[in-house]
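Thanks for making time this morning.

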Amino acid sequence: MVTYSELERLITDARFQNLKFRQEKTNVFTIVGQTHTEHWHSSFMAWLLDAHSSLRLGHFPLARLLNIYMIKNPQCGFTLRDIYRWNLDNVKFCTEKDASHEGKKRSIDVYGESDELVIVIENKVNARENYNNSAQGQTIDYYHYVESNKKPGQRALYFFVTADQKQTSYADMYTHISYQEMYDGIIAKCIAHPQVSEDGKYLLEQYAANLRETIHNSNTPMALVNVALCKEIYEEYPEVLDGVFETVEAAGSLKDSGEPACMAYEHYQSIFDEIYLSVEERYGRTPNRQLQRQVTDFTELYRRGAVKDGMRFVMKYDGETYYARAVLADNKTDCYFQVLDEDAKPFVEPGTGRILGIYDNASTAGVDVINLRREKKGVRNRVRTLRGTVYWVNEEGLSIRELIEKY
C-alpha cells in the first residue's frame, strides 16, 4: 500500500512538477482545432524539411530524415558521405503532389524533388493505406508514378510515416518511420539545435505538445515527447508508481475508493498516465486501460501475416466463454474481427439477415460482447474498457498481443 508520505515525495518532486508544467502549457494547435488531420501534419512535415523554412536550420532536418532512412536500410546504397555530398538545399517540397497514373487519381502527401533526389512520403495519421481503384494499394501506385517520371540521375526514396510504430505499407520499397521516430530523430534534435530561430523553436515545441494528444477515435497518442523525463521519474520512484498502478487497476472506481493512491491518481491522472505510457518496457498502458502505446487493427495484422482469414479466438471473462474470428472482406485486403454468439455462430439481425458484430479491433468488440451477455443475464454493471489484445486467444494459445509482438 502506498502511503501519504510516499505520494507527497513523488508529487512535490521538481521533475514531477516539471512534467505537469509541460502538459499544462497552452498548445495553440489544440486551441484552433488542428490536431490530427493528415493534411495538416503533411503541411507541417513539408515545412520542417524545407531547407529555406523559418527554422533557419538549412537542410539539417532533411539530413536527419535521410540518416534515419540509411540506418533502417543498411543496404540502401548510399552512405553518410553521400548525404553530405548531396545539395539538399535544392530539394523543393510540396504537399498533395498530383501522381495520377494509368487512369488512377492519386496525390502524394509530401513530395520533395531536386536534380539528385526524389522524396516520397505517404503520411498516415488515423487511417490505413487506401486501396481504392487498385488491387495493390496507393503506395505501389505512387512508386510506379515516380519511377515512370523521375529524371536520369535522380534517386527516389520512399517513406511511410505513421502513428502506429508497427504499421506497414503494401509496397515493401517504403521505409516505415513512426511519429515517435520523427520526434526523437528530427524534431527533438531541431528544438535542441543552437541555431534554431526563436519562432521556429516555439512552433516545434507546440507541435511536440500536440503529438501528445490521442488520435481521434483511438486511445493512442501520436508520440510521447517527455520519455526521458518520465523514465527518470520512474527510476527514482519505482515502488510508489508500481503501487499506484496496481491499486488503481484493482480499484475499478476511483471515486468510490478511499485509497491515497487512487485519490492522487484521480487528481494527477494525465501526469501518471504519461509516465506509465513512457515506461513501455514495464507498462506501455494506463491502469484504467483507457490509453496504450499502440493499437493495431486487424487489416494491419492480416497484412503482416499475424492472422489468417477464419482464425478463431476465445476469451474467458466473468467465468463466461466468448467466441470470435478473423474475417477477410470481399476486396481481399481489409480484415475484421467478428464476434460470435454463444454457439460460436455469427450474430444475425432479425428480419434482415444482416451479419452483425464486425469490428476493426478486438478491444471494442470485447467490451460490446461482454456487456451484451451481461444484459441478457440481467447484470447491471457494464464493462467500460478492456485490453482485448490480452484476453482474446487463438486456437494455438497465442493472445493477439503475442501475435502483434511476434509479427
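Accessible areas here come from the Shrake-Rupley method with a 1.4 Å probe, and what you are looking at is a predicted model. On that basis, the accessible surface of the chain comes to about 19900 Å², with 47% of this belonging to carbon and sulfur atoms.

As for overall dimensions, the C-alpha trace spans about 70 × 60 × 40 Å along its principal axes. The radius of gyration is 24 Å, which agrees with the value near 22 Å that a compact globule of 407 residues would have. Buried residues make up 51% of the 407 residues, and, among contacts with a separation of 6 or more, 59% are between residues 24 or more positions apart.

Turning to secondary structure, the chain has 17 helices and twelve strands. Five strands form an open sheet in the order β11-β8-β7-β6-β12, with antiparallel pairing, and its edge strands, each pairing on one side only, are β11 (358–359) and β12 (393–394). Within this sheet, β7, residues 320–328, and β8, residues 335–340, pair in the antiparallel sense over six bridges; Tyr323, for instance, has Leu340 in β8 as its bridge partner.

Finally, which residues make the nonpolar surface patch of about 240 Å²? They are Val348, Ile355 and Ile358. Ile355 lies in strand β10, which covers residues 355–356, and Ile355 counts as partly exposed because its relative accessibility is 41%, where partly exposed is the range between under 20% for buried and over 50% for exposed.

Note on methods: Residues are numbered from 1 along each chain as its sequence is written. This is a predicted model: local features need pLDDT of at least 70, side-chain atom pairs count only at pLDDT 80 or more; totals for chains, interfaces and linings use all residues. Side-chain values use heavy atoms; hydrogens and water are left out. Patches are made of residues with over 30% relative accessible area and no salt bridge: like charges are joined within 9 Å, nonpolar side chains (Val, Leu, Ile, Met, Phe, Trp, Tyr) within 5 Å. A salt bridge is a side-chain nitrogen of Lys or Arg within 4 Å of a carboxyl oxygen of Asp or Glu. Helices (H or I, at least four residues) and strands (E, at least two) are DSSP runs, numbered from the N terminus. Buried means under 20% relative accessible area, exposed over 50%, partly exposed in between (1.4 Å probe, protein chains only). Two strands pair if DSSP finds at least two bridges between them. The radius of gyration is taken over C-alpha atoms; the globule rule is 2.2 Å times the number of residues to the power 0.38. Contact means heavy atoms within 4.5 Å.
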